[in-house]
Every structure is written in C-alpha cells, then in structure tokens.
Amino acid sequence: MTISIRQIHPVFVGEVTDIDIARPLARAEVAAVEAGMDRYAVLVFHDQRITDEQQMVFSRNFGALEDARGGNITKPEDKRLQVGMNDVSNLGRDGQPLPRDSRMRLFNLGNMLWHSDSSFRAVPAKYSLLSARVVNPMGGNTEFADMRAAYDALDTATKTQIEELVCEHSLMYSRGSLGMLDYSDEERAMFRPVRQRLVRTHPVTGRKSLYLSSHAGAIVGMPMPEARILLRDLTEHATQPRFVYVHTWRPWDLVMWDNRQMMHRVRRYDEGQPRDMRRTTVAGDVPTTAQVAAA
Ligand SMILES: [Fe+2]
C-alpha cells in the first residue's frame with residue numbers, strides 16, 4: 001500500500017489515503033507523512049479506528065511525546081486518560097460532561113481562541129495529533145490558519161518591523177483575555193511567561209511563518225498596549241478566511257498539524273453532550289529564542 005496525499009484547500013491541508021495508522025508503519029510511510037507535513041502542514045486521515053496506545057505509537061514515529069505537565073490546571077486525580085494522552089474532551093473522570101462552573105471546563109474554553117499548542121513552553125510543540133472518538137452533535141469544528149501564507153502576504157515594511165521581535169507567551173495571557181485572572185502561587189510559577197520569536201523559519205523547508213498564539217501577551221521592549229495591538233492586528237490578518245481550513249469532524253478522523261507553522265481553534269459546541277477528542281503531542285527539539293533566567 002502506497003500512501004497518497006491530496007491537497008484539499010487552496011493554500012494547505014492534505015487528505016491522506018491508503019494508510020492504516022493502527023499498524024506499525026514502514027519507514028517509507030513515515031517519511032511520506034513527514035514530507036506531507038512539511039508541505040501541507042495539516043494532514044487529515046479518515047476512518048482510523050485506533051486505541052490510545054496505537055495513537056501514541058503512531059505519534060512516536062515523528063519524535064518523543066511531549067510531557068503534558070504544566071499545560072493545564074487539571075489535578076492528577078482528576079485525569080481521565082493515561083500519561084502521554086492530552087484530554088481535550090469536555091468530560092470528567094465519570095465520563096459525563098463537566099458541570100458549567102467547573103474550573104477545568106472554563107480553563108479549557110481557552111482552546112476556542114486561536115493558538116499554537118504549547119507556545120507557552122520554552123521548547124514548544126512540533127506536531128499535534130487529534131483523534132475524534134465521540135463527535136459532538138452541534139458545532140465543535142476545528143479551524144486551522146496557515147501562518148506561512150499569512151506571513152507571505154504581509155507587506156515588506158511589516159515584515160521588516162517584526163523580523164527580530166520576541167514575544168512573551170503564557171497560559172495566563174490567553175486565559176486572562178477570557179477574564180480568568182485568579183491563579184494559585186503554584187500555578188503562577190508553572191505558567192511563568194516564556195519567550196518566542198514572532199517570525200519562525202521552518203527547519204526543513206526554510207519557509208518563514210508568523211508565530212502567533214493567544215498565549216502571546218507581550219513583546220520584549222515594547223509597551224504592553226502597543227504590543228497587544230500589533231499582535232491583534234497580525235492575528236486578524238493571519239486568520240482571514242483565505243488562510244483558514246475548517247475541519248468538520250467525523251468519528252475516527254485523525255488530524256495532525258505542525259504547530260510551528262499553524263494556528264488553530266475549536267468552535268463552540270453543545271457542552272451538555274459529550275465531545276471526546278484525544279490528543280498526542282510530539283515535542284519540539286529547540287527553543288525559538290534564548291530565555292531569561294528565572295528571577
Ligand atoms: Fe490546541
């Protein structure tokens with residue numbers, strides 16, 4: 001079986017067929033998926049009935065799995081899935097939708113803001129892989145925005161202005177923009193801002209892209225309101241419909257994206273009904289810029 005990839009959006013996104021990711025992949029298949037990621041940045045696989053173990057095995061073809069610690073406020077005793085799996089469902093340990101006032105639920109609403117996974121980590125994520133186990137009956141599409149195409153479309157003056165800029169990213173910035181401002185001392189330490197370049201260069205293709213995320217809340221050396229306006233303007237530019245692919249989920253879809261060159265967000269859905277989505281995250285290998293030592 002030779003895998004094939006067909007582009008399904010004018011600027012990015014490939015649909016992959018003739019592959020069964022529940023089985024161990026041949027080296028050539030892994031290489032074909034990697035090459036597809038470099039080119040299309042988002043890959044869609046349909047009808048992949050996988051277990052959590054199979055999802056982790058498939059993901060490890062592309063690098064080590066990211067350590068999920070420090071990425072949420074869920075306490076270990078409240079976790080529904082095993083280590084290695086990121087739970088991006090709306091479910092508690094009992095398998096029921098989380099109550100409306102659940103702090104975990106409110107924190108997870110941040111996934112509805114445009115972001116790049118783990119941009120709040122000093123070494124941010126490479127790929128994310130999201131498997132749809134139970135699809136919500138209403139809404140819940142995931143949207144992807146191509147940060148390479150968005151960068152290419154900037155005017156030269158803006159490209160020059162932002163080339164060397166460094167942003168500060170933290171979960172407290174994204175959640176803060178939703179009005180979640182109260183954190184324990186432990187959470188504050190865990191969510192300490194990290195630095196990321198605003199313009200990234202892809203290590204394989206050499207293409208430049210905007211490295212935006214709702215976690216970005218400041219720019220080094222720039223007054224806060226000026227930074228926020230610039231980030232907001234760039235985000236508005238980068239998420240125009242011409243750069244966006246909307247994925248409508250079917251059960252057992254798996255979508256894989258390159259966080260180094262994409263932003264994504266989830267749209268609202270019926271939170272009284274289950275939406276069971278399970279993510280694995282492939283760790284990145286280098287920081288985008290130097291960090292400052294802890295005070
Ligand atoms: Fe995400």
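In which loop is Trp252 found?

Mentor: Trp252 is in the loop that runs between strand E12 (244-247) and E13. Helices here are DSSP runs of H or I with at least four residues, strands are runs of E with at least two, and both are numbered from the N terminus. Before we go on, please keep in mind that this is a predicted model, in which local features need pLDDT of at least 70 and side-chain atom pairs count only at pLDDT 80 or more, while totals for chains, interfaces and linings use all residues. Residues are numbered from 1 along each chain as its sequence is written, and side-chain values use heavy atoms, with hydrogens and water left out.

Most residues other than glycine have a negative phi. Ser118 has a positive phi too, of about 65°, and is likewise not a glycine. You will find Ser118 in the loop between H3 and E5. With a relative accessibility of 3%, Ser118 counts as buried; that word means under 20% relative accessible area, exposed means over 50%, and partly exposed is in between, using a 1.4 Å probe and protein chains only.

Now to the metal. The iron ion is held by His115 (NE2), Asp117 (OD) and His264 (NE2), at 2.1 to 2.2 Å. Donors are N, O and S atoms within 2.8 Å of the metal (3.2 Å for Na, K and Ca), and sites may look incomplete because water is not among the atoms. Along the sequence, the spacing of the donor residues is H-x1-D-x146-H. His115 and Asp117 are both buried.

Val44, in strand E3, is buried at 1% relative accessibility. Leaving out residues up to four places away in sequence, Val44 touches a list that includes Tyr245, His247, Leu254 and Val255; contact means heavy atoms within 4.5 Å. Val44 and Asp78 are 34 residues apart in sequence, and their C-alpha atoms are 31 Å apart in space.

The buried residues of H2 are Asp52, Gln55, Met56, Phe58 and Ser59. Viewed down the axis of H2, these buried residues fall within an arc of 160°, so they line one face of the helix. That arc is taken from the directions from the helix axis to the C-beta atoms. An α-helix has 3.6 residues a turn, so residues three or four places apart point the same way. Covering the buried residues of H2 are, among others, strand E3 (42-45), strand E5 (127-134), strand E13 (254-258) and strand E15 (276-282).

Strand E5 also holds Val134, which counts as partly exposed at 36% relative accessibility. Beyond its neighbours within four places in sequence, Val134 is in contact with Pro274, Arg275, Asp276 and Met277.

Finally, the spaces. On a 1 Å grid over the protein atoms alone, a cavity is a set of points where a 1.4 Å probe fits but cannot get out; a pocket is an open set with protein on both sides within 12 Å along at least five of seven lines, and lining residues have an atom within 4 Å of a point. Grid points are joined across faces, edges and corners, and a volume is the space filled by probe spheres set on the points.

The whole structure has one cavity of 30 Å³ or more, and the largest cavity holds about 250 Å³. It is lined by 20 residues, with Val88, Asn108, Asn111, Val266 and Arg275 the closest to its centre. Helix H3 (103-108) and strand E14 (262-266) each supply at least two residues of this lining.

The largest pocket has a volume of about 930 Å³. Of the 45 residues that line this pocket, Ala68, Gly71, Asn72, Thr74 and Lys79 lie nearest its centre. H3 gives the most to the lining, four residues. By class, this lining has 14 nonpolar, 16 polar and 15 charged residues. Here Ala, Val, Leu, Ile, Met, Phe, Trp, Tyr, Cys and Pro count as nonpolar, Asp, Glu, Lys and Arg as charged, and the others, Gly among them, as polar.
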